[in-house]
Amino acid sequence: METAIGVFASRDNAEEAVKELRERSVPEESIVFLTRSENEAKTVAKEVGAFVGGFVGGAAGMTTGVVAATLLLPGVGTVFALGFGAAALLGLAGAGAGATVSSAAVQDADAPQPTAAEKCSEDVAFFREVLKEGRSLIVVRTESKELATSACAVLDRLGIGMTGPTPIKMQTATRQVGGVTVVDVSGRITLGEGNVILREIVRDLAEKGRKAIVLNLGEVQYIDSSGVGELVKAHTTIRNQGGQLKLTNLNKRVHDLLQMTRLSAVFDIQKDETSAIESFSAPSQAVA
C-alpha cells in the first residue's frame with residue numbers, strides 16, 4: 001500500500017488538490033481530507049461535486065454514503081473529515097470504511113463524535129499535531145503505483161513541500177552502535193525507490209526485534225509526499241513493536257519541511273548521531 005500525505009496551509013490549494021486528484025481518476029475511496037475548519041470542509045465538499053457525489057448512495061445497500069464525519073480528537077478538538085475511511089484513519093472506535101455519518105456535506109458541529117485517546121490509531125499522533133497548527137491534510141492510500149504517482153505529483157506541487165528534487169537516488173547503509181541500529185540514508189526519499197527501500201529496511205529491523213533505531217538523514221536532499229508518508233509509517237511500525245525511531249542530522253531543507261508541515265513536533269529529532277544514541281537511555285525529547 002502506497003501512502004502519500006499532503007499538508008496544506010492554503011484552503012484554495014487544498015481544494016484544487018482534491019479537484020485534480022479526481023480529474024486524474026484517483027478513486028474517492030483512496031482520498032481522505034482532514035481539516036479543523038468547517039468552512040473549508042464545506043467549501044471543498046461543495047466545490048468538488050464529483051468527490052462528494054461519489055459517496056452519496058454509492059455504497060451497496062446504503063441510502064447515504066460516507067460523505068463527512070465530524071470527529072472530536074483529544075488535544076485537538078473538532079475535526080472535519082471527508083472521504084471513505086476517514087474515521088478509521090483517525091482511529092474512531094467502531095467506525096470502518098462503511099460507516100455512515102451523514103449524507104450532508106458536513107455534520108452539525110454541535111454533535112461531534114468523541115474519540116477516546118487510547119482507541120486512536122498511532123497515525124493520529126501525526127495528524128493531531130498538523131491539525132493543531134491549523135494545517136489541512138490530504139491522505140491518499142492506494143495499491144496502484146500509477147495512481148500513487150499521479151497523487152504525488154498533485155500533492156507535491158500544491159502542498160507544503162520541497163522544490164528542486166535532487167537527481168541522486170537513495171542509498172542506505174545500516175550499522176550497529178552498541179544496542180542502537182543506525183541507518184545512514186542519502187539521496188532522495190521518493191515514490192518508487194526511496195520509499196520502498198526505507199519500508200523494507202524498517203520492516204526487516206522490526207522483524208529482527210531491533211527497537212532502538214536512528215535514521216541519519218544528513219545526506220537526504222529531497223523528500224516527496226510519499227516519502228513523508230513512509231517516514232510516518234516507519235515511526236508507526238517501530239512504535240507498534242515497542243521501539244523508538246529517531247531522526248538526526250537533518251539538513252536545512254529537510255528540517256524546514258518538517259517545520260512547515262509541523263511534523264517536527266511529532267518525530268523525535270536529535271541534532272547529531274551522538275545525541276540520538278545517548279537519548280535512548282534518557283527521556284525522549286524532540287528538537288524542533
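A: Four bridges join strand S2 to strand S6, which covers residues 136–142, and the two run antiparallel. Within this pairing, Val32 has Val139 of S6 as its bridge partner. S2 is also joined to strand S4, residues 77–82, by three bridges, and here too the strands run antiparallel; in that pairing Phe33 stands opposite Leu82 of S4. As a rule, strands of a sheet pair through backbone hydrogen bonds, in either a parallel or an antiparallel manner.

The side chains of S2 complete this picture. In a regular strand, side chains alternate between the two faces of the sheet. In S2, Ile31, Phe33 and Thr35 point one way, while Val32 and Leu34 point the other way, and all of them are buried. Because five of the five residues of S2, which spans residues 31–35, are buried, the strand is largely enclosed by the rest of the structure.

Another part of the chain can be set beside this one. Strands S7, S8, S9, S10 and S11 make up an open sheet of five strands, in the order S7-S8-S9-S10-S11 and with mixed pairing. Its edge strands are S7, residues 171–177, and S11, residues 268–270, each of which pairs on one side only. On average, and with direction ignored, neighbouring strands of this sheet are turned by 25 degrees against each other. S10, residues 244–248, is joined to S11 by three bridges, and these strands run parallel; Thr248 stands opposite Gln270 of S11. Helix H8, residues 225–240, lies across S8 (180–189), S9 (212–223) and S10, and runs at about 180 degrees to S9.

Since this is a predicted model, its confidence values should be read along with the description. The protein chain has an average pLDDT of 77, and 75% of the residues score at least 70. Confidence in the chain is highest in S10, at a mean of 96, and lowest in strand S5, residues 113–114, at a mean of 36. Over residues 92–122, pLDDT stays under 50, and the model has 73 contacts beyond four places in sequence for this stretch.

Notes
Residues are numbered from 1 along each chain as its sequence is written. This is a predicted model: local features need pLDDT of at least 70, side-chain atom pairs count only at pLDDT 80 or more; totals for chains, interfaces and linings use all residues. Side-chain values use heavy atoms; hydrogens and water are left out. Two strands pair if DSSP finds at least two bridges between them. Axes are lines fitted to C-alpha atoms, for helices over the stretch in contact, and angles run from 0 to 180 degrees between N-to-C directions. Contact means heavy atoms within 4.5 Å. pLDDT is the predictor's confidence in each residue, from 0 to 100. Buried means under 20% relative accessible area, exposed over 50%, partly exposed in between (1.4 Å probe, protein chains only).
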